[in-house]
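Have a look at the model below.

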Amino acid sequence: MKELTIHHLPAKGRGRPRVRVSYRPQEGAQARERETPFKFTVTDEPRRLIQWYLEEYLVYPWGEFRNRAQQVEQLMQQLGEELFEALFGSRETSALYAHVADDLANTRIVIHASDPAGIALPWELLRDPTRGEYGDLARLAYAFVRSQPDLIFQPPAPANQETFNILMVICRPGGPDGDVPFQSVARPLLELFRPHRDRIHLDVLRPPTFEQLARVLAEQPNFYHVLHFDGHGTFPQGGGRPAQFYGQTGAQGRLLFEHEDGTPHEVTGEELGGVLAGKGVPIVLLNACQSGMTRPDALYPSVGNQLLKAGACGVVAMAYSVYVQTAVRFMARLYEALMNGAELARAVALARDDLRARPQRFSPVGDISLRDWVVPALFEAAPVRAVTKPVRALRLDPALLQDRQAKAGAEIECPEPPAYGFVGRDSVVLELERAFQTETVVLLSGMAGVGKTETAVGFARWRTETGALDGPIFFFRFEHYLPLTQVCDRVGQVFQPIIKEQLQQEWHLLNAEQRHRLAVSILRQVPCLLLWDNFEPVAGFPTGTPSAWTADEQKELRDFLSELRGGQTKVLLTSRRDEPWLGNIYRHVELGGLALVEAQELAVRVLQRAGLQPSQIKALPDYNELLRYLRGNPLAIQVILPELKQKTPNVLLKEVQAGQATLSADDPAQGREHSLTASLTYRLDTLDPTLRQRLGVLGLFQGFVDADVLAAICSSDDAPEFIRGLGREDWIGMLDAAAELGLLQRVGTGYYTVHPALPWFFHDLLHTAFADHLAWLERTFTAAYSAYGRQLFRLFQTNTQLAMSLLRAEENNLTHALRLARHHERWDDVAGILYGLNQLLTTQGRWAEWERLIANSEAEVTNANGEPLTGRENLWIALLGHRAKIFNYRRDFKSEQAIHLRLKDHYERASDERNQATTLHQLGMIAEERRQWEEAERWYRQSLAIAERIGNEHGQAGTLHQLGMIAEERGNPVEAERFYQQAEALFVRLNDPHSLSIVRASLQRVRGGERK
């Protein structure tokens, strides 16, 4: 086997880096080496573009982004060719490459880099321009490996096992709403492994703590062939969403395990390597975003490099946040090659080539091509294999994945898998996993049609396939009368052979009390899962409705659940409401709609089944807003999306919002036995006429209702008499009554959600009850959300978590209010609403959507010269500020500064000193970003002088902190400490704990002499 090694030699002093290229015709032969200057660099902008392409493009592949993606693909090709030229452009190094150029299939290419600048280079892009589009060396070579110089390592002999053994660690310390789906790679891999269970053994680490990992590896040394970490990787100082949440400035790359309580536990590669040492695990797969990432200005290398230094044999990591579908295809081919006896490096090469040969990835417009084969990176100390001989020939084919769920283990009367497959629900599965770590009984509640039954059964099958259950899954329907005796009988019938063998008893000969005791005994000892579906009728539903169960029978069921607590069997109940009558014996988990990515997956399946061809789906305009309006409700998506055959997304959204959409007569969702529409129509007729009339106001709300907003609308003196003066408590009482009928779901005190498939109910009520007041109601609605948008924008500064929770819930209401405000030309209302949307979209990283909103508003506010139209000046000022924030995100400081200089002049003319001080502070921030310390200090001192004159203590404190930062940067710790102390005193007086913690961290740093 030939070997071509590229040694990156870091720059010394002010010199340039160099590279040393080595060639060996075979293992053990004398190496021929040549050294040459290395002039290749990658600036921040190309890095950001490539990261956007690999991490974000598939989520929003419409319009201008398709063109941008093509440009990035060309950029990646260009960088690869420039890197090739930098390495082999000299006559000496070119001669060495010539020895392998025509025999790459028998060549091992090794990259040696020990410093962050070298590790951070995109070596996987390396491309021979003479081979055109087929010149990617990472695919053409027999193996393409990253390593480090001076590693002293001898890989252990692979363990001889009858099965291929995998220990999977699934960590989501960000919680159920984190950015990486819980079952992301594990669930599809289970589908691929299912036909080969006799040859593949998969264990999921429960709980996913670092301490539990150490315990399991110590108890089973030399057993596992692969440690597969599926979760978050972080790298500080830029790069990806998880780093923003968990990264720490100056810290090295980490993996995020969990503590027992689910909070993050940051683990370095050195620490993980220490646990792995001597345990005989030859290969580590890091299916963790950014686990292979570093940056040229970083103090420490990536997690993959750390593991090599700690003694790991071979590590596969991800240089970017990786899409699930990419990871699944890559891992399927990788595992297949490893199990068939291939070296790790060869297995990675085959998996990369599979990604390159099959570039189609799922998106909201169907499959599109993505060049993501560069994402996986291989770190290897020496060639390593997982097995000495193949675990019998097998094939893992991702093309066989269909519905991502099938029956698993023993299922007793469980429903068939869903018609469209078990899509998503990763956040709920994570919540249920965590709930069952400490509880025996869990209640899963949600509105009708949201998919409670499918989620419960899907979770049960997941538990079975990941080794949490030894016994069967029992499914019981409580929508009709079902006493406890039938539950016990079902258990006894399944375990009858064991009962007869151990007790010499026939189940049918036992009396009721004996059956009860024996069923409880069995369930406490055997890990089973009981699913009690549609449990709400047991106590009467809606509240006050007579129950088919007597009080004694209800108590029997409650006592039975109590008896199971602490045993091996778990119980999952589903209901359309909370069930407090059961007492304090269960954990409550609420089920909402699908996440956007999950809703997109279901939408494409629905569109395909509705008869749309791939080309038609790809031609659809952006329909994300429609999915968001439907709030990810599976029933709503299945009912509404087929209408895209006849209507554009915008037209369909408007019709659904207005309640005018007519659905196809042959839509199967309308013919179900317990039709959601029919039942709610029946219940609606039982409402008090005045209450029904007042509920017409809800026709304006878009899926989420806040009693405070309703009270604000009714506080107007111009309000119709039948709603005038209604307060928050009045509305809570009425909305609770509507929730009992299934029209709403209560999600907190004063907060409710509307079933997204039923807007026509409230539309009809709105136009009936407010026929003479529609224009007034729309204007009042926009005014209320303008004030609310500003309020949430301010709340974000003091209570970020609460503000974001409310903004996510109110997004559809804010966008609807924005449309109405534009229609009624209420420009000050537009400004207020945009403040709320600004905080939501920019915090979530949805910059393209935010910029589109700003551009649309700018077109309505300014004349041909870019000056504000009469009556729209306030909105114009606000839009300038928003545009400046967009320039800041792009790091276009020149354009951002021009806007703030323009705003400064405007506020000076208007004698608006408060905003003038804020603008001067922003100019200081821009100068500080550009490392123009004197200019930054000048702007900050001007801002501080105004803030002191007008008594704006919060502004003073913030500017004093920034002046301290400037002093620290300029090497004056004494002056920095003085500024920080002044800022600290002000934040104490203002009772601002968040800002106080930041300034105290600065004080601690400067007093300790640490680098900032």
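Q: What makes two strands a pair?
A: Two strands pair if DSSP finds at least two bridges between them. Keep in mind that this model is predicted.

Q: Why are E23 and E24 called paired strands?
A: Four bridges join strand E23 to strand E24, residues 751–754. The definition asks for at least two, so E23 and E24 pair. The two strands run antiparallel. Within this pair, Leu744 stands opposite Val754 in E24.

Q: What do E23 and E24 form, and how many residues lie between them?
A: They form a hairpin, with two residues between the strands. Gly750 sits in the turn and has a positive phi of about 85°.

Q: Why is Gln745 called buried?
A: Gln745 has a relative accessible area of 12%. Buried means under 20%, so Gln745 counts as buried. This residue is found in strand E23, residues 744–748.

Q: How do you know which residues Gln745 is in contact with?
A: Contact means heavy atoms within 4.5 Å. Leaving aside neighbours within four places in sequence, Gln745 meets that limit with Ser445, Gly446, Met447, Tyr751, Tyr752 and Thr753. The C-alpha atoms of Gln745 and Ala448 are separated by 9.6 Å. Along the chain, these two residues are 297 residues apart.

Q: Why does His900 count as buried?
A: The relative accessibility of His900 is 7%. The cut-off is under 20%, so His900 is buried. Its place is in helix H34, residues 893–909. Not counting residues up to four places away in sequence, His900 touches Ala884, Thr919, Gln922, Leu923 and Ile926.

Q: Is Asn534 buried or exposed, and why?
A: Asn534 has 19% relative accessibility. Buried means under 20% and exposed means over 50%, so Asn534 counts as buried. Asn534 lies in the loop between strand E19 (529–533) and helix H18 (551–564).

Q: What makes the phi of Asn534 worth a note?
A: Most residues other than glycine have a negative phi. Phi of Asn534 is near 50°, a positive value, and Asn534 is not glycine. Glu825 also has a positive phi, near 55°. Glu825 is found in the loop between helix H30 (800–823) and helix H31 (827–843).

Q: What is the peptide bond from Arg206 to Pro207 called, and what is its omega?
A: This bond is cis, with omega near -10°. Most peptide bonds are trans. Pro207 lies in the loop between strand E7 (200–204) and helix H7 (210–219).

Key. Residues numbered from 1 in each chain as written. Predicted model: local features only at pLDDT ≥ 70, side-chain atom pairs only at ≥ 80, totals over all residues. Heavy atoms only, no water. Buried < 20%, exposed > 50% of the residue type's maximum accessible area, 1.4 Å probe, protein only.
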